[in-house]
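Please look through the sequence and the structure below before reading on. The paragraphs that follow go from one part of the fold to another.

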Amino acid sequence: SRDHSRYNRQKFGVVVIYTGLMSAARILLSAEEFDNYPFEEDKRYELDEGELIEMTRPAYQHNQALQNLLVELVLYFRKNRIGQALVSENLYALSPTTRLAPDVAVILGDHRAELQNAKVIHIIPDIAAEVLSPSETPARIHRKMSQYFQAGVKEVWLVQPEDRTVEIWTGPKLPEQALTGTDSITSALLPGFALPLADLFS
């Protein structure tokens, strides 16, 4: 009988890898293919070292924390013209084979001219904030953090609406801050910025 455990086929220039008879296919793309892929408009994707990843649709709790974080950062940058905060519709070229879309990205400095018509942003964010959902595995989270830091991201904020906590990471090994209760998000990169967790999760 035919071995269905693993074989490749070409479809429209895309490598499709079947990892088992009943398992979903892995789709492998080059960065150029990903950047020009005809994605469905209501879906979001990332490229994880050449593998196409479809992002799950976030729940209300996730979106509420994301909105609160983004609003506070936008207000901060309105008063302090040192950079900008961008929402997750933007993809960042972290490496030749990786395109990630942090829930919020902070880019310091004035890069408006470079960003004007960018579909994929080749500027590495200074801060990447990820609002976590219950479906995200620890392995996937730490893999993304490793990719962020290898690319040159200075801080990663892991926002966890389920238990109303935030971790501030400045490297891939251990969090620099584990925030709970009455704590506030602060950063040496954002002088004067302070967002109480009570407001973030309100």
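Which residue takes a positive phi in the hairpin of β4 and β5? In this predicted model, that residue is Glu 49, whose phi is near 50°, and the hairpin has 2 residues between its strands.

Another part of the structure is an open sheet of 6 strands with mixed pairing, in which the order is β6-β9-β11-β12-β13-β14. Its edge strands, each of which pairs on one side only, are β6 (83–87) and β14, and from one strand to the next the twist averages 15°. Helix α4 (residues 138–151), for its part, lies across β11, β12 and β13 and runs at about 155° to β12.

Strand β14 (residues 177–179) is also the place of Gln 177. Is this residue, Gln 177, buried or partly exposed? With a relative accessible area of 24%, Gln 177 is partly exposed, because buried would require a value under 20%. Not counting residues up to four places away in sequence, Gln 177 touches Val 166, Glu 167, Ile 168 and Thr 186, while its C-alpha atom is separated by 9.6 Å from that of Trp 157, which is 20 residues away along the chain.

The aromatic residues come next. A pair of aromatic rings is described by the distance of the centres and the angle of the planes. Across the whole structure, a search finds 3 aromatic pairs. In one of them, the rings of Tyr 76 and Phe 193 have centres 5.5 Å apart and planes at 85°, so this pair is edge-to-face. Because Tyr 76 lies in helix α2 (residues 60–79) and Phe 193 in the loop between β15 (184–185) and β16 (195–196), the pair ties together parts that are 117 residues apart in sequence. Both Tyr 76 and Phe 193 are buried. The rings of Trp 157 and Phe 193, in turn, have their centres 6.2 Å apart with planes at 20°, so they form a stacked pair. Trp 157 belongs to strand β12 (residues 155–160), so its pair with Phe 193 in the loop between β15 and β16 ties together parts that are 36 residues apart in sequence. Taken as a cluster, Tyr 76, Phe 77, Trp 157 and Phe 193 are linked by ring pairs.

Finally, the largest nonpolar core has 24 residues, of which Leu 73, Trp 157, Val 166, Ile 185 and Leu 190 touch the most other members. At least two residues of this core are supplied by each of α2, β9 (104–108), β11 (127–131), β12, β13 (165–169) and α5 (197–200), and the largest share, 6 residues, comes from α2. Apart from this core lies another one of 19 residues, among them Leu 86, Leu 94, Leu 115 and Ile 123.

Notes
Residues are numbered from 1 along each chain as its sequence is written. This is a predicted model: local features need pLDDT of at least 70, side-chain atom pairs count only at pLDDT 80 or more; totals for chains, interfaces and linings use all residues. Side-chain values use heavy atoms; hydrogens and water are left out. Rings of Phe, Tyr and Trp (its six-membered ring) pair if their centres lie within 6.5 Å; planes under 30 degrees apart count as stacked, over 60 as edge-to-face and the rest as tilted. Helices (H or I, at least four residues) and strands (E, at least two) are DSSP runs, numbered from the N terminus. Buried means under 20% relative accessible area, exposed over 50%, partly exposed in between (1.4 Å probe, protein chains only). A nonpolar core is a set of buried Ala, Val, Leu, Ile, Met, Phe, Trp, Tyr and Cys residues joined through side-chain atoms within 4.5 Å. Contact means heavy atoms within 4.5 Å. Two strands pair if DSSP finds at least two bridges between them. Axes are lines fitted to C-alpha atoms, for helices over the stretch in contact, and angles run from 0 to 180 degrees between N-to-C directions.
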